[in-house]
Amino acid sequence: MRRPPFDLWQLLCVQAIAQHGSIHGAARFLNTRQSAVSRSLHNLEERLEVRLFTRSPVGAAPTAFGQEFIRWTQTILDSVAGMNARARRTGKGENGQISIGIQTCVLPGRLSAFTAEFRATHSDIVFHYSEGTGKRLLRRLQRGQIDFAVVTRRNLVPALRVMPLWSDRIVAALHTNHPLATRREISWQDLRHETFLIGRDNAGQDFETLIQRKLEEPGIRPKIRRHDIGSNRIIALVRNKEGVALLPASWLPLIRDQHGHDIAITEIRDAGGSSHLEFGIVWRPDNENPCTRSFARYVEAHQPLP
């Protein structure tokens, strides 16, 4: 790589000479020796092979090209000053990007509500979102591919920092012709002979674990069908009477808007009350992104959402 034809100190000298009308005035402004400013200007003009100032006993006046060069110099110095300020703000965690992975069963907009205050006070920090299964997001987090993950709080790696966010009640979605559809509440035992449809964004493994804990008996395993599809398609399978789906209660407004005429939603209760999905936000304490540290402080200072 070739050496640049000038350095920032030379540009500062050019600007100072132009502003103060002499090498002497520039040296006084820059708090340096007159010989240092004169030498910098001489070296720059020699390097460029063009004269920038006409010297005289009364001072230094820019040549025609010198006037043009001074305008360029100002643009460069302004850009460098802006870059320096941006770098300082980035180092303080006031500017940059935060990447957050969201488990696909999280209701759209719920995390945005949690981050609203932070985004309002840190307008120069950009949030970039991605989605996936809880396991995939945790792998990406550990590899440093994302800064935070919002996932169900199950089987989390101990080395990660975890902040609880909210709890989401679990409900059952049945076809309106299902014998249990008219009941406001059912028990897990009422569902023991049902086929459970599990999708990729229905907190799949969390639901499977819950179903097995509630219904598995010696010699008897619950009927579970796994599908690599999202909530809307799982509900479509319920509409086709292929089985029963479990859903986070926060999804109900969306489900009712799209499938309300064919889908019945029923509370599931047993001796322990309703079952819930517990969500949290997770990050690596050794993450070196300054914006991550700023947001982590915000997360730790705020109470979980109700």
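Helices (H or I, at least four residues) and strands (E, at least two) are DSSP runs, numbered from the N terminus. What you're looking at is a predicted model, where local features need pLDDT of at least 70, side-chain atom pairs count only at pLDDT 80 or more, and totals for chains, interfaces and linings use all residues. Residues are numbered from 1 along each chain as its sequence is written, and side-chain values use heavy atoms, with hydrogens and water left out.

Let's start with a pair of helices. The axes of H2 (residues 23–30) and H3 (residues 34–48) come within 8 Å and cross at roughly 115°; axes here are lines fitted to C-alpha atoms over the stretch in contact, with angles from 0 to 180 degrees between N-to-C directions. H2 and H3 are therefore roughly perpendicular to each other (65 to 115 degrees counts as that). Where do they meet? On the H2 side you'll find Ile23, His24, Ala26, Ala27 and Leu30, and on the H3 side Gln34, Val37, Ser38 and Leu41, with contact meaning heavy atoms within 4.5 Å. Six of these contact residues are nonpolar, three polar and none charged (Ala, Val, Leu, Ile, Met, Phe, Trp, Tyr, Cys and Pro count as nonpolar, Asp, Glu, Lys and Arg as charged, the others, Gly among them, as polar).

Now for the second largest pocket. A pocket is an open set of points on a 1 Å grid over the protein atoms alone, where a 1.4 Å probe fits, with protein on both sides within 12 Å along at least five of seven lines; lining residues have an atom within 4 Å of a point. This pocket's lining has 20 residues, with Ile102, Gln103, Thr104, Val106 and Glu131 nearest its centre. Strand S3 (96–103), helix H5 (110–121) and strand S4 (125–132) each supply at least two lining residues, and S4 gives the most, with four. The lining splits into seven nonpolar, eight polar and five charged residues.

Terms used
Angles under 35 degrees count as roughly parallel, over 145 as roughly antiparallel, 65 to 115 as roughly perpendicular and the rest as oblique.
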